[in-house]
Amino acid sequence: MDKKQYTNFGIWGIFILLMGFVVPVFFPAYRVILVTEAIIFSLFAISYNLLLGYAGLLSFGHAMFFGTGAYVTAIALGHIEGLPILGAVFIAILATTATGFIIGSLLLRHKGSYFALLTLAFNALFYVIATKWHSITGGDDGLSVTRPDLSLGFTTLNMSDITTFYYFTLIIVGLAILFCWYFTKTAMGRTVLLIRENEERMKFLGYNTNISRLYLFTFTGALAGFAGSFYALFFQFTSITAISIDMGTAALLMAFIGGTGTFIGPILGAFVYIFLQDFLSDFTDRWPLIMGLIFILMVLYIPGGLSGLFLSIKERLSGRRAATGQTETEGQNR
Amino acid sequence: MSDIPVFFLHGLAYAGLLFLVSSGLTLVFGMMNVLNFAHAAFYMLGAYFSYTVLRITGNFWLSIIICPILLFLIGALVERFLLRRVHAFGHLHELLLTFGLAYIITESVKWIWGNYPLAVSIGGFLSGQVDLFGLTYPIYRLFILLCAVIVGLIMCFVIYKTKVGVIVRAAVNDSEMVNALGINVSSVFMNVFAAGAALSGFAGVIAGPLLTTYPNMANEILIDAFVVIVVGGFGSLGGALLASLIIGELQSFGVLLIPKLSMALIYMLMAAVLVIKPSGLFGEE
Amino acid sequence: MKQAKNILEVRNIHKDFSGLQVLTGVDFTVAENEKHAVIGPNGAGKTTLFNIITGNYKPSSGKIIFKETDVTGKPPHILTRMNMSRSFQITNVFPEMSVFENVRAGVRSRQGLRYNFLKRPERVAGINQKTEDILEQVGLTDVMSEPVSALSYGRQRALEIGITLSTEPELILLDEPTAGMTREETAEAIRMINEVTTGRTLIIIEHDMDVVFSLADTISVLHYGTILASDKPDEIRNDQKVKDAYLGEE
């Protein structure tokens, strides 16, 4: 809410990044792989939360960008000889930016339930296309992806090495996450919050709120495509799972469990989700059910998510009245 | 092309199912301003409950009566103890709650009944064929159509001819006004929500023997029902009816004419409506 | 008599809401730098008229001419960019944001910093200074980093005016700025409104006749959807039709 809180989150962000650098030193390869996955999903969940937490827009179609990013990466690497790894990521971002703009133009007048419904329907369309357009997407079989090595001029980094790919992901995706954090402080970032708070007044201050929503939708789509591109590189495979509605749901669960009211909430949520999934699936096949129950209980009792819970505990400890949800995104989505 | 009447009837039967599901969805939305993502999960529960009732009793007519009643109760409980609870947190939380419910119901169904299709056979004369204008046609599809018409007529009667209907229509138009009139809106809400669940469950029961009963059936009809609402216009029963017919026929003839694109057709229709008339065919600006 | 240039012309505006006729032919003009009051009983359609002038509603028929341009049916954000600004009868601010951010939203909009993905508003020259100036004008400097929800009602009304000023408008429309205020608060608000609207055109909806007659150089009386009279305060005071319909009821 105030500037100090932002700075705190900034310091936290840098601290988390530094922590990230020592992960491969202390943890076995198996854990490093999980952390790599969690970093990629952190970006996905953050891009989702820029819609949900910051703009108050509930989307069930975020996987259409994630999946498009993954497919475009796979297709680009499969069809363009000698395409560098970052080139593929860049193409994926361009493609999802265009996708976001086109779909966003159809949605821009709608908010609330209608927006949620339409995003779901459009995601279903993307899913159908990915399933049916076998010659390009491989249909149900999916596409395999070969990670090209990264040439830095003086040396070449072997991307099939787990640790090297981890650092690559940490730096590139980490930069994207930092940019998202910076975005929340820019003119556009503030505009998004102000529109959620009082759209009518924003119109009377000269803001075209539909255009603003379109820009945000396109931006978050590009970010989800960015994450999707790394998802394809990470699994070295792209399948219809990446573009299914369930994938968008995963982003929703991560953002909500971590807390939609703070910037780092979705990162927290992504790590909890990935590690809980890994842990639970050792014992039971029913982990989605458990995840769903956790989600419902949080909707009913802890709407601020884990980070909201921590903040209110902290405030209670420091003797102040717990202003529930009075966090970075200015309160819960009323 | 003697196929055409057959595909037309197929389309009508699916339109009937769609109307049963989407009419409840659109009424609940119009009244309570809650888009119920769990609505199609009620439909799926109807089909699975029916499967179990049939396994135990073997009596389809019994299951047609029992299952909607069960879903009415479930709907009432969901509205009273879950939805009403999060109402104060705002619109977004209501959506999230119904979505979470749908998620849990789907996962529970996978757990209890297994993550694979179940065959529901009903036997008796319903599973037979009938000669219709010189072609043989399955009786069951005609039965579905008949059910949809009967339920549709009952619904029209309730909504346009009874006192409850007046309140429902007023609430769709302006829920604050109904509140101001001192009518016990919360009990009306609960009953309409539960009735919507029962209708959806009923659709599930009769859909079971026609379509496969499997855990993704909820998602599939949910998306179709959403398209019905977008095309027909939010909160409009007439719109839901017309859009159900259009989409039912579009699905049916799409398979016949352009099988590869058939599934994408309805989304193209939806996109076209969004561009031309964003509020839907019967929607108000 | 040579008139000053008209900044706003309202021509034969009709508005009905699904059959209910609220405005049935409203005509009046506002000259540059005029202080124009719109009075009339509750339900006369004053706020509806504001909503039509500012682009919130489309009129059923009729024209709005603003700065010699036909702006009928133009959306609010376009009219705002043409230097028209309004306040609301029911406080319409950003309650969870700081007072400063509330006003800055309009200031940066005027400077074209609306959707910039790279610039932070506080780093752009002039925005902070301008925001502070406006807060000073409406007397909210001491609470500028407080969230709006922590402010008293009277100060929220002052912020309402501050936000209205933040886009540097030529034409300001104030919808009952003193509604719900105590006598002292009203007096202070009127003094402030007089000050901040110097050199600008003002249209004000107001119920308090003392305020109206002390502030306005022209008064339009809106009665059941139409303008009964639009003239100088003294003429209005002596107008028999107005007396019969409205002032006499006081």
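Of the 2 pairs of chains in contact, which chains share the most contacts? Chains A and B do, where two residues are in contact if their C-beta atoms, placed from the backbone, lie within 7 Å. This is a predicted model, in which local features need pLDDT of at least 70, side-chain atom pairs count only at pLDDT 80 or more, and totals for chains, interfaces and linings use all residues. Residues are numbered from 1 along each chain as its sequence is written, while chains are lettered from A and ligands numbered from 1 in the order in which they are written.

**View 1. Chain B against chain A.** Here 34 residues of chain B are in contact with 32 residues of chain A. On the chain B side, α3 (60-86), α4 (91-113), α9 (217-232) and α11 (262-276) each supply at least two residues. Helices here are DSSP runs of H or I with at least four residues, and strands are runs of E with at least two, both numbered from the N terminus. The largest share of that side, 13 residues, comes from α4(B). Sorted by class, the side of chain B that touches chain A has 25 nonpolar, 6 polar and 3 charged residues. For the sorting, Ala, Val, Leu, Ile, Met, Phe, Trp, Tyr, Cys and Pro count as nonpolar, Asp, Glu, Lys and Arg as charged, and the others, Gly among them, as polar.

**View 2. Chain C against chain A.** This contact takes 26 residues from chain C and 23 residues from chain A. Both α2 (76-81) and α3 (99-110) of chain C supply at least two residues of the side that touches chain A. That side of chain C divides into 10 nonpolar, 9 polar and 7 charged residues. Chain C does not touch chain B, and the nearest C-alpha atoms of these two chains are 11 Å apart.

**View 3. Chain C as a whole.** Let's step back to take in the chain. Chain C has 9 helices and 10 strands. Its C-alpha atoms fill a box of roughly 55 × 40 × 40 Å, taken along the principal axes. A compact globule of 250 residues would have a radius of gyration near 18 Å, and the 18 Å of chain C agrees with that; the radius is taken over C-alpha atoms, and the globule rule is 2.2 Å times the number of residues to the power 0.38. Of the 250 residues of chain C, 44% count as buried, meaning that 20 or more other C-beta atoms lie within 10 Å of the residue's own, with C-beta atoms placed from the backbone. Among contacts in chain C between residues at least 6 apart in sequence, 65% join residues at least 24 apart.

**View 4. The two domains of chain C.** The assignment gives domain 1 (1-83 + 171-183 + 200-250) and domain 2 (92-168), with bounds that come from an automatic or database domain assignment. The C-alpha centres of domain 1 and domain 2 of chain C lie 27 Å apart. Where the domains meet, 5 residues of domain 1 of chain C are in contact with 6 residues of domain 2 of chain C. The domain 1 side of that contact holds 3 nonpolar, 2 polar and no charged residues.

**View 5. The mixed sheet of chain C.** In chain C, 6 strands form an open sheet in the order β6-β7-β8-β3-β9-β10, with mixed pairing; two strands pair if DSSP finds at least two bridges between them. Strands β6 (84-86) and β10 (226-231) of chain C stand at the edges with a single partner strand each, so one side of each is left without a neighbour in the sheet. From one strand to the next, the twist averages 15°. Strands β7 (residues 171-175) and β8 (residues 201-205) of chain C run parallel and are joined by 5 bridges, and I172(C) stands opposite L202(C) in β8(C). Helix α1 (residues 46-53) of chain C packs on the sheet, touching β3 (35-39), β6, β7, β8 and β9 (218-223) of chain C. The direction of α1 makes about 150° with that of β7(C); axes are lines fitted to C-alpha atoms, for helices over the stretch in contact, and angles run from 0 to 180 degrees between N-to-C directions.

**View 6. The antiparallel sheet of chain C.** This open sheet of 4 strands has the order β2-β1-β4-β5 in chain C. Strands β1 (residues 6-17) and β2 (residues 20-31) of chain C pair in the antiparallel sense over 9 bridges, with K15(C) opposite L23(C) in β2(C).

Terms used
Buried ≥ 20, exposed ≤ 12 C-beta atoms within 10 Å, placed from the backbone.
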